[in-house]
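Reader: I would like to learn how to read the features of a model like this one. Please take them one at a time.

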Amino acid sequence: QRPFGVCCLLLLLSIYHSLNLELLTLLLVSDIPITMFCLNRGLVTSFFSFAAAGLLIYCLLPPCYWATTKGDPKIEISLWQQCSDFNGNSTCVEFGLPKKSDFDLKDKSKVVLDGTRAGCVFGAAFALLAACTSFCRKRCITAFFSMLAVLCAGAGVGAWIHFQTVNLKDEFGFKFNFYYGFIFSAVAVVCNLIAFLGSFYIETDPYENLA
């Protein structure tokens, strides 16, 4: 319940910041479409940026599995652990903290997995920055942060596709299925892309240059 309450609070704050009596009156008495109004005020960009950041942060959690198998044993793999279920007995093996050997570029599987983690971390960070700058109606800097969020999150998703289809298949000898962690991260990429496109419609504050 707490994460849901925090999301509702952030959404209310964004609406409170973006709406004021003068613009609300203008919206009611004019023919401005509500969609264009939300785009111009940065609401669309902030909403999808927050959604993308939340999804990517969730995908970083150890219980969020990105790959799975069917049958017995059932294997589930996240960014931080591998769990196996055989005849009702579940065992999990944590990947652990990075070691010196992890930075050996000859072991491509660890490099690709670290690329997925980095993509989620930086994608979420840039998405949060884009959401904050959209509150201030800074079109250029918001578009820049949204573009970086798209690139980082997309790179993370691409790295996982390589890790699952090549590295895991070579290690286990059979094919894994994409699981909800991968699906959420792909949705986060789409959300960041929508936020990036919406950032071009943000109208800068007309009073910021009068100071």
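Author: Start with burial: at 10% relative accessibility, arginine 117 counts as buried. Buried means under 20% relative accessible area, exposed over 50%, and partly exposed in between, with a 1.4 Å probe and protein chains only. This is a predicted model, in which local features need pLDDT of at least 70 and side-chain atom pairs count only at pLDDT 80 or more, while totals for chains, interfaces and linings use all residues. Residues are numbered from 1 along each chain as its sequence is written, and side-chain values use heavy atoms, with hydrogens and water left out.

Reader: Which side chain does arginine 117 meet in a salt bridge?

Author: A salt bridge is a side-chain nitrogen of Lys or Arg within 4 Å of a carboxyl oxygen of Asp or Glu. Here arginine 117 meets aspartate 114, at 2.9 Å from N to O. Aspartate 114 is partly exposed, at 29% relative accessibility.

Reader: Where do aspartate 114 and arginine 117 lie in the fold?

Author: Helices (H or I, at least four residues) and strands (E, at least two) are DSSP runs, numbered from the N terminus. Both residues belong to helix H5 (residues 108-135), and because they are three residues apart, about one helical turn separates them.

Reader: How many salt bridges does a search of the whole structure find?

Author: The search finds two. One of them joins the side chains of lysine 74 and glutamate 76, at 3.5 Å from N to O. Lysine 74 is partly exposed, with a relative accessible area of 31%, whereas glutamate 76 is buried at 16%.

Reader: How should I read an aromatic pair?

Author: A pair of aromatic rings is described by the distance of the centres and the angle of the planes. Rings of Phe, Tyr and Trp (its six-membered ring) pair if their centres lie within 6.5 Å; planes under 30 degrees apart count as stacked, over 60 as edge-to-face and the rest as tilted. By this rule the structure has eleven aromatic pairs. In one of them, tryptophan 66 and tryptophan 160 have ring centres 5.2 Å apart and planes at 55°, so the pair is tilted. This pair links distant parts of the chain, 94 residues apart: tryptophan 66 is in strand E1 (residues 65-68) and tryptophan 160 in helix H6. Tryptophan 66 is buried at 0% relative accessible area, and tryptophan 160 is buried at 0%.

Reader: Is the pair of phenylalanine 126 and phenylalanine 145 stacked or tilted?

Author: That pair is stacked, with 6.3 Å centre to centre and 20° between the planes. Phenylalanine 126 sits in helix H5 and phenylalanine 145 in helix H6, 19 residues apart.

Reader: What is the span of helix H6?

Author: The expected span of a helix is 1.5 Å times one less than its number of residues. Helix H6 (residues 139-172) has 34 residues and reaches 48 Å from its first C-alpha to its last, close to the 50 Å expected. H6 also has a kink of about 35° centred on phenylalanine 163, where the bend at a residue is the angle between axes fitted to the seven residues ending there and the seven starting there. Glycine 173, with a positive phi near 85°, follows H6.

Reader: Which residues is serine 185 in contact with?

Author: Contact means heavy atoms within 4.5 Å. Leaving aside neighbours within four places in sequence, serine 185 touches Leu56, Cys59, Trp66 and Val157. Serine 185 lies in helix H7 (residues 180-199) and is buried, with a relative accessible area of 1%.
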